[in-house]
Amino acid sequence: MAVPRHSHTRGKVGRSRMHKYIKNVQLNVCPKCKKPILSHTVCLNCGHYKGTEVINVLGKLTKKDKKAREKEIKDVEKSDTK
Ligand SMILES: [Zn+2]
């Protein structure tokens, strides 16, 4: 088995570990429903991407959930216009 000839200095170890830290996720705001979303992805709350509906999020919901979600989206649209 290979044995390391020299131990790494603290600086060398630090430079190597510099790239291993976890970066903060950059979140954008959905222009339709104002929920935080990842950039370049479809909003899973309202199913819109770049102003057009891509996913029908209301399709698979139960009647009760559907009503609540529709109301939530309408409230955001109303507050946006004021
Ligand atoms: Zn949205």
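Modeller: On a 1 Å grid over the protein atoms alone, a pocket is an open set of points where a 1.4 Å probe fits, with protein on both sides within 12 Å along at least five of seven lines; its lining residues have an atom within 4 Å of a point. This is a predicted model: local features need pLDDT of at least 70 and side-chain atom pairs 80 or more, while totals for chains, interfaces and linings use all residues. Residues are numbered from 1 along each chain as its sequence is written, and side-chain values use heavy atoms, without hydrogens or water.

Colleague: What volume has the largest pocket, and which residues lie nearest its centre?

Modeller: Its volume is about 220 Å³, taken as the space filled by probe spheres set on grid points joined across faces, edges and corners. The lining comprises 15 residues, and P31, I37, H48, Y49 and K50 are those nearest the centre.

Colleague: Which elements give two or more residues to that lining?

Modeller: Strands β1, β2 and β3 (48-49) do. Strands (E, at least two residues) and helices (H or I, at least four) are DSSP runs numbered from the N terminus. By class, the lining of the largest pocket splits into seven nonpolar, six polar and two charged residues. Here Ala, Val, Leu, Ile, Met, Phe, Trp, Tyr, Cys and Pro are nonpolar, Asp, Glu, Lys and Arg charged, and the others, including Gly, polar.

Colleague: Next, the metal. Which atoms coordinate the zinc ion?

Modeller: A donor is an N, O or S atom within 2.8 Å of the metal (3.2 Å for Na, K and Ca); water is not among the atoms, so sites may look incomplete. For the zinc ion, the SG atoms of C30, C33, C43 and C46 coordinate at 2.2 to 2.3 Å. Along the chain these donors follow the spacing C-x2-C-x9-C-x2-C. C33 belongs to the loop between β1 and β2 and C43 to the loop between β2 and β3, so this pair ties together parts ten residues apart in sequence.

Colleague: Is C33 buried or exposed?

Modeller: Relative accessible area decides: under 20% is buried, over 50% exposed, and in between partly exposed (1.4 Å probe, protein chains only). C33 is buried at 4%, and C43 is buried at 1%. The C-alpha atoms of C43 and K32, eleven residues apart in sequence, are 8.9 Å apart in space.

Colleague: Which side chains meet in a salt bridge?

Modeller: The rule asks for a side-chain nitrogen of Lys or Arg within 4 Å of a carboxyl oxygen of Asp or Glu. One salt bridge is counted, between the side chains of K35 and E72 at 3.7 Å, N to O. The two residues are 37 apart and link distant parts of the chain: K35 is in the loop between β1 (27-29) and β2 (36-38), E72 in helix α2 (residues 63-81). K35 is partly exposed at 36% relative accessibility, and E72 is partly exposed at 34%.

Colleague: And backbone angles: what is phi of H40?

Modeller: Most residues other than glycine have a negative phi. H40, not a glycine, has a positive phi near 65°. H40 sits in the loop between β2 and β3 and is exposed, at 73% relative accessibility. K50 is another non-glycine residue with a positive phi, about 55°. K50 lies in the loop between β3 and β4 (52-53), and its relative accessible area of 73% makes it exposed.

Colleague: How many residues apart in sequence are E77 and P31, and what separates them in space?

Modeller: E77 and P31 are 46 residues apart in sequence, with 9.8 Å between their C-alpha atoms. E77 is in helix α2 and is partly exposed, at 33% relative accessibility. G14 and K60 are 46 residues apart along the chain, and their C-alpha atoms are separated by 50 Å. G14 is in helix α1 (residues 10-17) and is partly exposed, with a relative accessible area of 37%.
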